[in-house]
Amino acid sequence: MRLAGKKVIALVDEEFEDLELWYPVYRVREEGAEVHLAGAEKGKTYTGKYGVPVKADYAFDELDSKDYDGILVPGGWAPDKLRRYPKVIQLVQEMHRDRKAIGQICHAGWVLISAKILDGVTVTSTPGIRDDMENAGAVWKDEAVVRDGHIISARRPSDLPPYGRAFCDFLAGE
(Lines give C-alpha, C1' and ligand atoms only; values in the text may rest on other atoms or scores of the structure.)
Protein backbone atom coordinates (compact mmCIF):
# COMPACT_ATOMS: atom_id res chain seq x y z
CA MET A 1 0.00 0.00 0.00
CA ARG A 2 2.78 2.38 -0.95
CA LEU A 3 0.27 4.94 -2.31
CA ALA A 4 -1.89 5.13 0.83
CA GLY A 5 -2.97 8.74 1.34
CA LYS A 6 -2.48 9.68 -2.32
CA LYS A 7 -5.38 10.99 -4.43
CA VAL A 8 -5.66 10.83 -8.21
CA ILE A 9 -8.13 12.22 -10.74
CA ALA A 10 -9.13 10.00 -13.67
CA LEU A 11 -10.81 11.98 -16.45
CA VAL A 12 -13.77 10.50 -18.33
CA ASP A 13 -15.91 11.38 -21.32
CA GLU A 14 -17.76 9.44 -24.00
CA GLU A 15 -15.79 6.85 -25.98
CA PHE A 16 -12.80 6.60 -23.66
CA GLU A 17 -10.65 3.55 -24.41
CA ASP A 18 -12.02 1.11 -21.84
CA LEU A 19 -8.74 -0.58 -20.87
CA GLU A 20 -6.81 2.69 -20.88
CA LEU A 21 -9.13 4.05 -18.21
CA TRP A 22 -9.81 1.02 -16.03
CA TYR A 23 -6.38 -0.64 -15.97
CA PRO A 24 -4.55 2.42 -14.53
CA VAL A 25 -7.46 3.19 -12.17
CA TYR A 26 -7.36 -0.31 -10.69
CA ARG A 27 -3.55 -0.36 -10.67
CA VAL A 28 -3.39 2.87 -8.64
CA ARG A 29 -6.19 1.72 -6.33
CA GLU A 30 -4.49 -1.61 -5.63
CA GLU A 31 -1.43 0.35 -4.45
CA GLY A 32 -3.67 2.18 -1.95
CA ALA A 33 -4.44 5.48 -3.68
CA GLU A 34 -7.91 6.99 -3.83
CA VAL A 35 -9.11 7.62 -7.40
CA HIS A 36 -11.89 10.06 -8.26
CA LEU A 37 -13.55 9.61 -11.66
CA ALA A 38 -14.38 13.03 -13.08
CA GLY A 39 -16.55 14.02 -16.02
CA ALA A 40 -18.34 17.12 -17.23
CA GLU A 41 -21.39 16.09 -15.18
CA LYS A 42 -21.30 14.54 -11.71
CA GLY A 43 -23.28 11.29 -11.57
CA LYS A 44 -23.48 10.90 -15.34
CA THR A 45 -22.64 7.51 -16.82
CA TYR A 46 -20.17 7.66 -19.70
CA THR A 47 -19.68 4.75 -22.07
CA GLY A 48 -16.33 3.51 -23.33
CA LYS A 49 -15.56 2.59 -26.94
CA TYR A 50 -16.28 -1.06 -26.17
CA GLY A 51 -19.35 -0.48 -24.02
CA VAL A 52 -17.91 -0.45 -20.51
CA PRO A 53 -19.69 2.22 -18.45
CA VAL A 54 -18.24 4.56 -15.84
CA LYS A 55 -20.13 6.90 -13.54
CA ALA A 56 -18.48 10.23 -12.75
CA ASP A 57 -17.91 10.73 -9.02
CA TYR A 58 -17.31 14.43 -9.56
CA ALA A 59 -17.78 17.15 -12.15
CA PHE A 60 -14.58 18.76 -13.42
CA ASP A 61 -15.63 22.09 -11.93
CA GLU A 62 -15.76 20.58 -8.42
CA LEU A 63 -12.08 19.65 -8.44
CA ASP A 64 -9.10 21.58 -7.12
CA SER A 65 -5.69 20.36 -8.25
CA LYS A 66 -4.27 21.20 -4.81
CA ASP A 67 -6.25 18.27 -3.41
CA TYR A 68 -4.63 15.71 -5.72
CA ASP A 69 -1.28 14.07 -6.35
CA GLY A 70 -1.85 13.10 -9.97
CA ILE A 71 -4.15 12.88 -12.95
CA LEU A 72 -4.81 10.09 -15.45
CA VAL A 73 -5.96 10.88 -18.98
CA PRO A 74 -7.29 7.86 -20.91
CA GLY A 75 -7.09 7.45 -24.64
CA GLY A 76 -9.78 6.60 -27.12
CA TRP A 77 -11.87 9.39 -28.59
CA ALA A 78 -12.54 10.99 -25.19
CA PRO A 79 -9.38 13.17 -25.27
CA ASP A 80 -10.74 15.09 -28.26
CA LYS A 81 -13.73 16.01 -26.08
CA LEU A 82 -11.82 16.46 -22.81
CA ARG A 83 -9.49 19.07 -24.26
CA ARG A 84 -12.46 21.35 -24.98
CA TYR A 85 -13.28 21.86 -21.29
CA PRO A 86 -11.46 24.87 -19.83
CA LYS A 87 -11.45 23.24 -16.38
CA VAL A 88 -9.68 20.12 -17.71
CA ILE A 89 -7.01 22.30 -19.30
CA GLN A 90 -6.67 24.27 -16.06
CA LEU A 91 -6.27 21.09 -13.98
CA VAL A 92 -3.60 19.70 -16.32
CA GLN A 93 -1.73 23.02 -16.38
CA GLU A 94 -1.81 23.29 -12.58
CA MET A 95 -0.65 19.69 -12.16
CA HIS A 96 2.19 20.48 -14.57
CA ARG A 97 3.14 23.66 -12.75
CA ASP A 98 3.23 21.77 -9.44
CA ARG A 99 5.11 18.81 -10.96
CA LYS A 100 2.41 16.33 -10.00
CA ALA A 101 1.98 13.03 -11.85
CA ILE A 102 0.36 13.35 -15.27
CA GLY A 103 -0.39 10.05 -16.97
CA GLN A 104 -1.38 9.99 -20.63
CA ILE A 105 -1.81 7.10 -23.00
CA CYS A 106 -2.60 6.76 -26.71
CA HIS A 107 -4.67 9.77 -27.90
CA ALA A 108 -4.58 11.39 -24.42
CA GLY A 109 -1.67 13.47 -25.69
CA TRP A 110 -4.25 15.74 -27.31
CA VAL A 111 -5.20 17.02 -23.85
CA LEU A 112 -1.59 17.84 -23.00
CA ILE A 113 -1.18 19.53 -26.39
CA SER A 114 -4.20 21.75 -25.71
CA ALA A 115 -2.80 22.52 -22.25
CA LYS A 116 0.37 23.70 -23.99
CA ILE A 117 2.71 21.80 -21.66
CA LEU A 118 4.69 19.64 -24.10
CA ASP A 119 7.34 22.04 -25.42
CA GLY A 120 10.66 20.23 -24.94
CA VAL A 121 9.06 17.25 -23.15
CA THR A 122 9.98 13.73 -24.25
CA VAL A 123 6.85 11.57 -24.65
CA THR A 124 5.20 8.79 -26.55
CA SER A 125 1.64 8.31 -27.78
CA THR A 126 -0.20 6.38 -30.43
CA PRO A 127 1.82 6.89 -33.62
CA GLY A 128 -1.34 8.39 -35.15
CA ILE A 129 -0.81 11.65 -33.24
CA ARG A 130 2.99 11.74 -33.44
CA ASP A 131 2.88 14.78 -35.75
CA ASP A 132 0.52 16.57 -33.35
CA MET A 133 2.86 15.88 -30.43
CA GLU A 134 5.93 17.04 -32.33
CA ASN A 135 4.15 20.13 -33.63
CA ALA A 136 3.42 20.98 -29.98
CA GLY A 137 7.16 20.91 -29.31
CA ALA A 138 7.45 17.41 -27.83
CA VAL A 139 10.28 15.00 -28.52
CA TRP A 140 8.43 11.83 -29.56
CA LYS A 141 9.77 8.30 -29.02
CA ASP A 142 8.31 4.98 -30.13
CA GLU A 143 8.67 3.24 -26.76
CA ALA A 144 6.18 1.46 -24.52
CA VAL A 145 6.53 4.04 -21.75
CA VAL A 146 8.35 7.34 -21.59
CA ARG A 147 8.77 9.24 -18.34
CA ASP A 148 10.02 12.80 -18.52
CA GLY A 149 9.93 14.10 -14.98
CA HIS A 150 6.32 13.97 -13.81
CA ILE A 151 4.82 13.23 -17.25
CA ILE A 152 4.35 9.53 -17.86
CA SER A 153 3.19 8.49 -21.32
CA ALA A 154 2.39 5.25 -23.15
CA ARG A 155 1.33 4.26 -26.66
CA ARG A 156 -1.47 1.68 -26.49
CA PRO A 157 -3.25 -0.95 -24.36
CA SER A 158 -0.40 -3.46 -24.70
CA ASP A 159 1.80 -0.92 -22.85
CA LEU A 160 -0.51 -0.78 -19.82
CA PRO A 161 1.57 -2.96 -17.45
CA PRO A 162 4.76 -0.85 -17.64
CA TYR A 163 2.67 2.36 -17.81
CA GLY A 164 0.79 1.51 -14.62
CA ARG A 165 4.04 0.62 -12.87
CA ALA A 166 5.77 3.84 -13.98
CA PHE A 167 2.83 6.01 -12.87
CA CYS A 168 2.69 4.31 -9.46
CA ASP A 169 6.47 4.49 -9.05
CA PHE A 170 6.38 8.25 -9.61
CA LEU A 171 3.54 8.70 -7.11
CA ALA A 172 5.50 6.62 -4.60
CA GLY A 173 8.51 8.89 -5.04
CA GLU A 174 10.62 6.26 -6.78
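Where does UniProt place the feature "domain: DJ-1/PfpI"? The unreviewed entry puts it at residues 6–167, in the numbering used here, with a shortened feature name and the caveat that annotations may be inferred rather than shown by experiment. The model is predicted, so local features need pLDDT of at least 70 and side-chain atom pairs pLDDT 80 or more, while totals for chains, interfaces and linings use all residues. Residues are numbered from 1 along each chain as its sequence is written, and side-chain values use heavy atoms, leaving out hydrogens and water.

Over residues 6–167, the chain is 31% helix and 25% strand; helices (H or I, at least four residues) and strands (E, at least two) are DSSP runs, numbered from the N terminus. The end C-alpha atoms of this stretch are 12 Å apart.

Now for the strands, which pair if DSSP finds at least two bridges between them. Strand β6 (residues 70–73) runs parallel to β1 (residues 7–11), joined by three bridges, and pairs with β7 (residues 101–105) in the parallel sense over four. L72 of β6 has A10 as a bridge partner and stands opposite G103 in β7. In a regular strand, side chains alternate between the two faces of the sheet. Both faces of β6 are covered: G70 and L72 on one side, and I71 and V73 on the other, are all buried (under 20% relative accessible area, with exposed over 50% and partly exposed in between; 1.4 Å probe, protein chains only).

On to helix α1 (residues 18–30), where W22 and Y26 lie four residues apart, about one turn of the helix. W22 is buried at 16% relative accessibility, whereas Y26, at 48%, is partly exposed.
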